[in-house]
Amino acid sequence: MSVTAPAPAASADPPSDSAASPPRSRPWRAHLTVAVIALSLAVYVTSGLWRAPYQHVLSDNVGDQAWFEWLLGYGVYMLSNGANPYFTDMMNAPLGVNLAANTSITVYSVLFAPLTHVAGPQVTFVTILTLNLAGSALAWHLFFRRWLAVSPIAAGLAGLFCGFAPGFVSHANGHLNWSAGWVAPFVLWRVMKLREEGRWLRNGLLLGVCLAVGFSIAPEGLFFTAIASGVFIAVWSLAKAVKHEAIAAVRTVLKALGVAATVAGALLAYPLYMHFAGPQSFSGTGFNQRYFVEDVAAYLAFPSRSVAALFGLGSELGPNRTEETSFFGVPLLILMLVAFVILWRRAEPGRRATLRAVGVTGAVFLVLSWGPRLNWMGAELPIPLPYAALAYVPLFDSALPLRFALALVGVFGILLAFLVDDLLRGRETKNTRIGLWAAIAVSLIPIFPLPVRVQDRATEPDFIANGTWQQYVSEGGVLTALPFALNVHADGQRWQAYTMARGGAQFRIPDGYFLGPMTTGEEGRKQMGRIGAPPLATDWLFTRAALYGYVPRLTNADRERARSDLAYWDVEAIFLADEITGSDHKILFREAVKTAAIQLFGEPERVDDVLLWRIRPGVDPVDQ
């Protein structure tokens with residue numbers, strides 16, 4: 001069967017009478033059923049946040065949730081103040097942050113700005129996260145129904161697998177970009193439409209718009225989708241059974257791609273310029289590509305948030321719980337191999353072309369996910385892999401290798417859809433069908449997801465919520481919480497997000513959780529990126545105190561450095577809330593932070609529910 005045909009292709013296996021699709025006039029019933037199931041599962045996975053969106057935070061990824069909540073708050077600020085969607089000085093004062101070089105989710109920030117303004121970034125965050133998971137399952141279901149021409153049950157089961165596969169449930173721990181698994185079928189749908197005769201202009205325009213939308217939400221995922229499309233189409237086109245179809249479509253496809261490139265290029269010209277050459281841009285990524293790789297054994301393991309984990313079968317082979325991108329488990333891998341063999345043996349030449357292309361695409365992404373060196377059971381082996389040659393190639397240098405494993409979700413979804421469709425059509429003996437249905441159950445039940453983990457977050461201080469801070473900081477002035485905002489203690493960044501979402505007067509913050517250059521100036525643009533701003537003595541002092549409880553005896557030399565650092569940031573006031581939030585249920589050492597601040601700045605004043613230190617530029621802290 002040819003999935004690149006605009007309709008079930010001539011090379012497709014003809015459907016049997018016993019498995020005829022429901023009347024075309026009522027396809028909505030199957031779609032609605034899948035949508036309801038998908039939404040129910042998505043609410044279940046995110047239920048910990050829904051129970052108390054203002055009090056709970058994802059314990060496995062406090063930092064990324066804070067980042068995306070900040071972006072949602074910035075969306076309201078951007079629309080009300082006409083701010084730049086791809087660069088801001090609201091964070092990392094005085095240098096600012098290149099949002100185009102980060103994941104800026106611009107489309108989400110704009111579309112959901114009314115909800116963010118009314119309900120806050122906390123509610124918008126869990127709303128988008130839930131819709132991402134449900135929408136991914138529904139989008140794959142629709143894709144499989146349209147382009148694989150399988151039965152509604154086959155498409156529905158495969159779609160739900162894709163939407164709630166271990167890798168995407170793992171990314172539900174904070175990633176509004178990677179949990180948007182609907183981007184891949186959304187773009188692939190438009191790619192498959194390119195060969196339609198007489199519609200190259202329309203299809204090219206629509207693909208160009210889709211690419212721009214995908215880039216604004218999940219640029220890395222869009223990059224992977226483009227690679228998968230290229231590999232699949234190249235391999236499929238070389239098959240003898242469909243070569244004539246490919247040749248006939250070349251002219252139409254090339255014209256449509258030209259239009260798509262023109263439209264996408266026009267829409268993305270500025271964000272791409274900002275990404276690669278704008279202020280505070282950098283090379284590569286802020287994450288170690290030798291660390292964020294897929295362990296070969298991880299494909300055989302079960303994820304930490306799964307039914308299997310309830311029985312002690314979870315694994316810690318991922319770099320963290322947000323990056324468990326494969327973790328399919330042995331039963332599912334065996335099932336996929338068996339499914340491929342069964343489907344291949346009974347396939348007509350056209351379907352074999354599709355299966356071959358799917359298999360090669362899966363193999364390419366499997367190897368890429370292993371990264372520059374082979375890893376097994378947590379140990380890096382001295383065996384170089386193809387990614388070592390790609391690590392410094394533009395775009396590949398910004399990607400994390402282990403995330404290439406997410407493409408196998410789509411590959412497995414296709415095989416699962418074909419297999420279930422064949423079983424429903426009765427193409428195997430009774431005993432074989434029973435065995436395969438049992439194998440499907442044994443493969444999917446262990447990876448059925450558990451809800452993502454949550455913990456309490458520090459309550460927004462009245463000092464911020466009531467606007468009392470405006471009495472101590474000028475409009476657009478710099479205010480910081482202690483410890484300074486970072487991914488492992490992001491309270492100050494979240495509280496600024498809430499202020500932006502409400503509108504009105506705003507303050508800026510130093511530091512923050514984002515990706516930026518390793519060093520300042522032109523030199524930083526040539527170097528690899530880093531997480532957050534390069535730390536100065538003062539912010540590092542409070543980070544050590546918060547994380548480790550370490551407070552050195554401070555001297556006037558330390559106070560002199562603090563005066564210089566505060567002047568650089570142009571800080572007007574510093575405060576310490578009664579509660580501060582760590583990640584993964586870790587308790588921050590608030591008393592150590594307080595002790596360090598008193599040593600440095602002297603005794604604070606109590607304002608509302610925070611301890612406040614006013615900063616006079618060039619004067620504070622005063623030598624003792």
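Helix α11 gives the most to the lining of the largest cavity, contributing seven residues. Keep in mind as you look that this is a predicted model. Rolling a probe the size of a water molecule over the atoms shows where empty space is left. Here the count comes to four cavities of 30 Å³ or more, and the largest has a volume of about 500 Å³. Its lining is made of 32 residues, and those closest to the centre are Trp140, Ala184, Leu188, Ala228 and Ala407. Besides α11 (219–237), the elements that give two or more residues to this lining are α6 (121–147), α9 (183–192), α15 (349–369) and α17 (407–424). What classes of residue make up the lining of the largest cavity? There are 25 nonpolar and seven polar residues, and no charged ones.

Next, turn to a hairpin. Strands β4 (residues 373–376) and β5 (residues 379–384) run antiparallel and are joined by three bridges. Trp376 stands opposite Ala379 in β5. Two residues lie between the strands, and in this hairpin Met377 takes a positive phi near 55°.

Now zoom out. The protein has 24 helices and twelve strands. Its radius of gyration is 26 Å, close to the 25 Å that the globule rule gives for 624 residues, so the protein is as compact as a globular protein of that length. The C-alpha atoms fill a box of roughly 90 × 55 × 50 Å along the principal axes. Of the 624 residues, 59% count as buried. Finally, among contacts between residues at least 6 apart in sequence, 78% join residues at least 24 apart.

Key. Residues are numbered from 1 along each chain as its sequence is written. This is a predicted model: local features need pLDDT of at least 70, side-chain atom pairs count only at pLDDT 80 or more; totals for chains, interfaces and linings use all residues. Side-chain values use heavy atoms; hydrogens and water are left out. Two strands pair if DSSP finds at least two bridges between them. Helices (H or I, at least four residues) and strands (E, at least two) are DSSP runs, numbered from the N terminus. On a 1 Å grid over the protein atoms alone, a cavity is a set of points where a 1.4 Å probe fits but cannot get out, and a pocket is an open set with protein on both sides within 12 Å along at least five of seven lines; lining residues have an atom within 4 Å of a point. Grid points are joined across faces, edges and corners, and a volume is the space filled by probe spheres set on the points. Ala, Val, Leu, Ile, Met, Phe, Trp, Tyr, Cys and Pro count as nonpolar, Asp, Glu, Lys and Arg as charged, and the others, Gly among them, as polar. The radius of gyration is taken over C-alpha atoms; the globule rule is 2.2 Å times the number of residues to the power 0.38. Buried means under 20% relative accessible area, exposed over 50%, partly exposed in between (1.4 Å probe, protein chains only). Contact means heavy atoms within 4.5 Å.
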